[in-house]
Amino acid sequence: MTTTITRDEIIAAVKKVPLIPTSGARLLQVANQTDHSLADIIAIIKCDAALTGYILKIINSPAMSRGREIASLDRAVSLVGEDMILSIVLSDAAAQLFQADLAGYAATQGDLWRQDWRSAIAAKKIAPYAKQPVNPDTAFTGGLLHDLGKAIISHFLKGKIDAMVAAVDRGDFTDYSGAEQKAVGLNHSEIGYELAKHWQLPEPLPSVIRYHHHPLEGAEALRPLLFVVHLADIISMMTGSGTGADTMRHQIDPAYTDYVDLSRDDIARIIFEVDNEFNTIMSSLSGEGEPK
Ligand SMILES: [Fe+2]
């Protein structure tokens, strides 16, 4: 593996990613505030006619509406809940990224979206087990966004996967992130962090993205949240989803027990619940809610 791709080339690719609409950025900001209400979310969406139309279209799709016609945004939001709304907004804003083919991971189109959805559900379920309070909504959003760097790095990893997988399996690197770093000078967490800054996402989301594989490198105050998303990522891989070559080639940091009080039984139950919830959501979305 020779490093012929420079950090600057990758950063330039990040800068070319379209910005998320103001309303999307604002929604993420508000959703991460502990004292926000559903009315705050509705008020932001109402200011964006295109987004309001898109949400109503998804909610009124045959599988989701179940025969009811929902003409009001207030009703749509209260019916499906904030998580679903946020996911619809993000799937719209970052459609290109979520639907990247991930050729550089030997994964297929849609794998990133499915893996991130599972992680988001898992993160929300794990949040109450943190030893310090963790906002479940922030955990959900962090789970949804944590791996977006893969959509960008994938392009630069094409043709290198076999050598990378072999190197990780041989023990040359402790995990797949190390192989990414060696191959192109940055790993997907760092690239995701650059993307989060490009999008001006509010903290702690950029930190969640940056440290999701190595939570101990993040600020002490953020570690409960970082470990929640770290565990959610691993658990969602255990439920059978993944993004190809790197699946199960990342280590669980055993220090999680200092930050999250999760027994083996809890993990087994959460895996089961995530799988059920994910399947229910996907069948209700029936393709309509996946990124365009
Ligand atoms: Fe990751």
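The centres of domain 1 and domain 2, taken over C-alpha atoms, sit 25 Å apart in this predicted model. Domain 1 covers 7-20 + 100-285 and domain 2 covers 21-93, with bounds that come from an automatic or database domain assignment. Domain 1 puts 19 residues into the contact and domain 2 puts in 22 residues, where contact means heavy atoms within 4.5 Å. About 1600 Å² is buried between domain 1 and domain 2, and carbon and sulfur atoms give 66% of that area. Buried area here is the accessible area (1.4 Å probe) that two parts lose on being put together, summed over both.

A word on the ground rules. Residues are numbered from 1 along each chain as its sequence is written, and side-chain values use heavy atoms, with hydrogens and water left out. Local features need pLDDT of at least 70, side-chain atom pairs count only at pLDDT 80 or more, and totals for chains, interfaces and linings use all residues.

Now to the helix pairs. Two packed helices are described by the angle between their axes and the distance between the axes. Helices are DSSP runs (H or I, at least four residues), numbered from the N terminus. Axes are lines fitted to C-alpha atoms over the stretch in contact, and angles run from 0 to 180 degrees between N-to-C directions.

| Helix pair | Axis distance | Crossing angle |
|---|---|---|
| α9 (residues 111-126) and α16 (residues 223-238) | within 8 Å | roughly 130 degrees |
| α11 (residues 149-157) and α13 (residues 176-184) | within 11 Å | roughly 55 degrees |
| α12 (residues 161-170) and α13 | 9 Å | about 130 degrees |

Take α9 and α16: their angle makes α9 oblique to α16. Angles under 35 degrees count as roughly parallel, over 145 as roughly antiparallel, 65 to 115 as roughly perpendicular and the rest as oblique. α9 passes α16 in a right-handed crossing; handedness is left if the near helix is turned anticlockwise from the far one by less than a right angle, and right if clockwise. From α9 come Gln115, Arg118, Ser119, Ala122, Ala123 and Ile126, and among their partners in α16 are Val228, Leu231 and Met237. By class, the contact of α9 with α16 has eight nonpolar, three polar and two charged residues. Ala, Val, Leu, Ile, Met, Phe, Trp, Tyr, Cys and Pro count as nonpolar, Asp, Glu, Lys and Arg as charged, and the others, Gly among them, as polar.

Helix α13 turns up in both of the other pairs. α12 and α13 are oblique to each other, and they cross right-handed. Here Ile161, Met164, Val165 and Val168 of α12 meet Tyr176, Ala179, Glu180 and Ala183 of α13; that gives seven nonpolar, no polar and one charged. The crossing of α11 and α13, by contrast, is left-handed. In that pair Ile153, Phe156 and Leu157 from α11 touch Glu180, Ala183 and Val184 from α13, which splits into five nonpolar, no polar and one charged.

Last stop, the backbone. Most residues other than glycine have a negative phi, and most peptide bonds are trans. The loop between α14 (188-198) and α15 (205-211) holds Pro204, and the peptide bond from Glu203 to Pro204 is cis, with omega near 10 degrees. Gln200 is found in the loop between α14 and α15 too, with a positive phi near 55 degrees.

Methods
Helix = DSSP H or I, 4+ residues; strand = E, 2+ residues; numbered from the N terminus.
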